[in-house]
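Q: I have a structure to read. Can you take me through it one feature at a time?

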Amino acid sequence: MKDADVVIIGGGIAGVSLAARIGDRARVILLERESMLAAHTTGRSAAVFTETYGNAAVRELTRASRDFFERPPEGFTGHPLLHPRASLFIARAEDHARIEKFVGENPGMVEWLAPDEAVRRMPVLKRGYFAAAALEPGSADIDVHALFDGFRRLALHQGAAIVTNAEVAALERGARWAVVAGGERYRAPVVVNAAGAWAGVVGEMAGLGNRGIQPMRRTAIMIDAPENTDVSGWLFVNDAGEQFYFKPDAGRILASLADETPSPPCDAQPEEIDVATIAWRLEEATHLNVKRIRRRWAGLRTFTPNRTPIFEFDAAAPGFFWLAGQGGYGIQTSPAISQRAADAILAAL
Ligand SMILES: Cc1cc2nc3c(=O)[nH]c(=O)nc-3n(C[C@H](O)[C@H](O)[C@H](O)COP(=O)(O)OP(=O)(O)OC[C@H]3O[C@@H](n4cnc5c(N)ncnc54)[C@H](O)[C@@H]3O)c2cc1C
């Protein structure tokens, strides 16, 4: 039996960032099923920071995270966490209402751009594909590795224990929570459910239901840049109708179908049809010629029914904390969510 103040289930960005925030003030044990951290959704993102993404609550969380990205704590990382990259949103005629709503919801953050100007900025786009465009100048690429590793090192430095190959198989509620994982038994007054796509499963294991949490598969590919073209300064291009997005990534182009296919929690794999559809849509909207797909992958973005992340104690079960439903914004919101989750947990200890 191992005792702690807080047992965190899940070694993705959610669990590890929380461990970093409370490791100096509570005895923390983080349990991860896999042999390495960040093997699931956290390791499969598009690494974008955009303050206009998601509903109002998500946008507030992202905006509240910006300061951490720009001024991380002393010693957190030797690399900048953000690399500026403006986002270009393009809309076909049938998606005009969507882009209009989007621009209206983000005053001061996005501006209309004449389609000819959009093509001047991104000549790879076919002028005939879209009828309207808008620019978000303040978005950025995230160095996810530096962010995650900063949180991981901070958690360890502050005394948190991180245990891999430790799949939580049972949760028992008593005066304290008992957690069975990897042949060991742990005991703590607070258990944190940061299990990503498995958050619903862990909630059910605790006898608390799954709160309607639903993983959704999203597919991405990496392709070569056009020959003799430096793509490093390209914009992050987003189709307002959620048909696709693409951006440069280390000399190549990362593109996604922007798909949301409901999936059980699993090690998500890309479907051939989705990979082919990304290539087809890219060729329809741009002058890119997708000759060879260098890499393909899929990950599960996990949503609550209202698409707002939850970071709160379960009303029916003292000591059970939900840190779940980060959807497609769990990296960019991690500084604010981990801070707010830490404040709630430390106040309860
Ligand atoms: C294609 C794609 C693009 C994305 N792009 C962006 C982006 O540009 N910007 C952004 O901010 N976000 C993006 N996201 C979303 C972001 O990646 C997620 O919101 C975030 O990674 C979720 O982190 P997490 O820690 O909740 O989940 P995970 O990283 O999946 O971590 C959960 C962990 O819990 C572990 N676990 C589960 N059950 C158990 C158990 N019983 N016992 C022990 N361990 C367990 C799992 O093994 C896993 O390691 C993207 C996602 C995808 C798929």
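**Reading a domain interface**

A: A salt bridge is a side-chain nitrogen of Lys or Arg within 4 Å of a carboxyl oxygen of Asp or Glu. This is a predicted model: local features need pLDDT of at least 70, side-chain atom pairs count only at pLDDT 80 or more, and totals for chains, interfaces and linings use all residues. Residues are numbered from 1 along each chain as its sequence is written, and side-chain values use heavy atoms, with hydrogens and water left out.

Q: How many salt bridges are counted between domain 1 and domain 2?

A: The count is three.

Q: Where do domain 1 and domain 2 run in the chain?

A: Domain bounds come from an automatic or database domain assignment. Here domain 1 is 2-74 + 143-213 + 305-348, and domain 2 is 87-137 + 214-303. Their C-alpha centres lie 29 Å apart.

Q: What area do domain 1 and domain 2 bury between them?

A: The size of an interface is often given as the accessible area lost when the parts come together. Buried area is that loss for two parts, summed over both (1.4 Å probe). Domain 1 and domain 2 bury about 2100 Å², 52% of it on carbon and sulfur atoms. Arg44, Thr52 and Arg307 supply 29% of the area that domain 1 buries against domain 2, more than any other three residues.

Q: Which residues is Trp198 in contact with, leaving aside its neighbours within four places in sequence?

A: Contact means heavy atoms within 4.5 Å. Trp198 touches Arg33, His40, Pro265 and Cys266, those neighbours aside.
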